[in-house]
Amino acid sequence: MRSMILTFGFALLLPCAAQAGLVCRADIASLDFGVISVRDGVVLQTSGPVAISCSGGTAGAVVQSCVSLGAGSGGAAAGQSPRSLAGQGLAPLSYQLTGQNSFSNGGEVWQMRSYPLTLDANGAALITPMLYGEITAIGAEAVVGLYTSSFDAGLGATMAYGEVSCTQTGVASSFSVRAELTSSCSVSVTAMDFGLISRQITAPIDQSAQITVSCTNAAPYTVGLGFGLHAVDAGPSGRRMLSGSDLLAYGVYHDAGRSLDWGTSPASQTAGTGSGSAQVLTVFGRIFSPQTPATGSYSDQIVVTVTY
């Protein structure tokens, strides 16, 4: 009996662990202006970080990153300036997205901005430049409600990078911009000047003044007139002008016929709806007759209250 011994040799090739390539992304924070008013006189600004991160690169290398922002769902004019926040009404809110600083403080409109990153010993880096938002115009027709614009990843927000220039496509997160417009009103008045009159008042003396109200479009409001500093009662004929210790009776009305008293009760106020533009209301005044006031300069002050 013969035996045959065969020897088999085995060879196994194990590849070296692969080196991960350079990868960069931009995570953009959503911006919220909060509740805003057309007429509060405050510059409407907000800001948030743009976190640009890279990994898998060569330690010490300088990487270029480029973050581009489009018009957003609200749309924009040429050059993305201004961009728009869209709401329920026809009139959008105009706003700017800028880098380095807010728009009113010299910031540049953000279309594409580039930032260098120096990679650390692990081949990674993180920087957080700021994205600034500022509302620059609110149309007169803008109505109360929520206004938004969204920037979808890969469309409204894109990112590119590279160790020499931005030749590789990265990832930019989606983000949004929002503001909530609330009702607001402003008011101005003219004086009611009866001028020089005779001491012997035998017939009523009439004069008028104007109240100019500007309220947010479609916002309901009421206007009430106080009874002045020297009223003897809260009735239609209770108001008084004063000169020293002498009084002169007068009234203020809604109508030219001086029959509808203008006061502070719901029934005696004027109601309206804002248009976003100035609305002029006429106040009709009358010095009653007969009166024989002492010689002097008579005056009173009426508080105008706009409720909205």
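Student: How many aromatic pairs does the count come to?
Tutor: This is a predicted model: local features need pLDDT of at least 70, side-chain atom pairs count only at pLDDT 80 or more, and totals for chains, interfaces and linings use all residues. Residues are numbered from 1 along each chain as its sequence is written, and side-chain values use heavy atoms, leaving out hydrogens and water. Rings of Phe, Tyr and Trp (its six-membered ring) pair if their centres lie within 6.5 Å. By this rule, the number of aromatic pairs is two.

Student: What kind of pair do Trp 110 and Tyr 115 form?
Tutor: Planes under 30 degrees apart count as stacked, over 60 as edge-to-face, and the rest as tilted. Here the centres are 6.1 Å apart and the planes stand at 45 degrees, so the pair is tilted.

Student: Is Tyr 115 buried or exposed?
Tutor: Buried means under 20% relative accessible area, exposed over 50%, and partly exposed in between (1.4 Å probe, protein chains only). Tyr 115 has 14%, so this residue is buried.

Student: How many residues apart in sequence are the parts that Phe 151 and Phe 175 tie together?
Tutor: These rings form a stacked pair, with 4.5 Å between centres and 5 degrees between planes. Strands are DSSP runs (E, at least two residues), numbered from the N terminus. Phe 151 lies in β11 and Phe 175 in β15, so the pair links parts whose separation in residues is 24.

Student: Which backbone oxygen does the side chain of Arg 83 reach?
Tutor: Arg 83 sits in strand β5 (residues 83-85). At 2.8 Å, its side chain reaches the backbone oxygen of Gly 70.

Methods. Helix = DSSP H or I, 4+ residues; strand = E, 2+ residues; numbered from the N terminus. Polar contact = N/O pair within 3.5 Å; in protein donor to acceptor, adjacent residues only side chain to side chain.
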